[in-house]
Amino acid sequence: MLLRRLGVFIATCAHVGYAPVAPGTFGSVVGLAIYYLVRRQASTPVELSTIAVILIIGLWAATEAEHHFGGIDPGPVVIDEVIGMLITLALHPVNVAGAIIGFLIFRVLDVVEPWPARRLELLPGGFGVVLDDVMAGVYGNLLMWGLVRLLPSWLT
């Protein structure tokens with residue numbers, strides 16, 4: 001019971017996922033805050049390790065949350081948005097404008113769910129909750145890579 005409660009607490013990002021409107025957007029903002037704290041370290045290993053640890057813990061927490069809420073990909077679960085946001089901005093030393101652009105790109109991709117993101121949702125448990133956002137984050141990262149090269153003075 002205690003582990004289930006911990007899992008729900010993590011999956012909802014300390015209850016941020018209970019926001020009455022647009023919980024995914026609020027979860028993405030948590031991802032932006034973590035990105036800011038991690039990027040300040042200016043360390044690629046720290047950044048990649050942070051993403052890996054949050055991904056592994058998020059898979060477990062999302063599974064626990066699905067059991068708790070009794071449904072597939074429950075709305076309050078926003079750890080997947082945190083992971084997707086971190087992947088979108090991973091290894092891009094963007095400024096505030098770049099982070100906002102990355103945020104908007106990820107939110108659109110998270111809603112649209114380009115192939116194969118929608119198919120990944122069909123995976124069981126936390127894998128289905130999290131991996132579609134990982135895929136959206138990968139697409140977002142690639143778009144950011146192109147934008148940073150096209151508009152370096154504006155985004156970095």
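Reader: Which residues does Val94 touch, not counting those up to four places away in sequence?
Author: Keep in mind that this is a predicted model. Setting aside residues up to four places away in sequence, Val94 touches Tyr35, Leu89, Ala99, Met144, Val148, Leu155 and Thr156.

Reader: How many residues are in the largest nonpolar core?
Author: Val94 turns up here again, as one of the residues with the most contacts inside this core. Val77, Ile79, Ile83, Leu89 and Val130 are listed alongside Val94. The whole core has 33 residues.

Reader: And which helix gives the most to this core?
Author: Well, α1, α3, α4 (79–89), α5 (96–112) and α7 (125–150) each supply at least two of its residues. The one that gives the most, with seven residues, is α4.

Reader: Is Phe9 buried, partly exposed or exposed?
Author: Phe9 sits in helix α1. Along with Leu3, Leu6, Val53, Ile57 and Trp60, Phe9 forms a nonpolar patch on the surface, with about 530 Å² of accessible area together. Buried would mean under 20% relative accessible area and exposed over 50%. Phe9 has 38%, so Phe9 is partly exposed.

Reader: What is the nearest side chain of opposite charge to Glu66, and how far away is it?
Author: Glu66 belongs to helix α3 (residues 44–69). Beyond its neighbours within four places in sequence, Glu66 is in contact with Gly71, Ile72, Asp73, Pro74, Gly125, Gly126 and Val129. Glu66 is buried yet has no salt bridge. A salt bridge needs the charged atoms within 4 Å, but the nearest side chain of opposite charge is 10 Å away, and that is Arg4.

Methods. Residues numbered from 1 in each chain as written. Predicted model: local features only at pLDDT ≥ 70, side-chain atom pairs only at ≥ 80, totals over all residues. Heavy atoms only, no water. Helix = DSSP H or I, 4+ residues; strand = E, 2+ residues; numbered from the N terminus. Buried < 20%, exposed > 50% of the residue type's maximum accessible area, 1.4 Å probe, protein only. Lys, Arg positive; Asp, Glu negative; His and termini not counted. Contact = heavy atoms within 4.5 Å. Patch = residues over 30% accessible without salt bridge, like charges linked within 9 Å, V, L, I, M, F, W, Y side chains within 5 Å. Areas by Shrake-Rupley, 256 points an atom, 1.4 Å probe, with all protein chains shown as cover. Core = buried A, V, L, I, M, F, W, Y, C linked by side-chain atoms within 4.5 Å.
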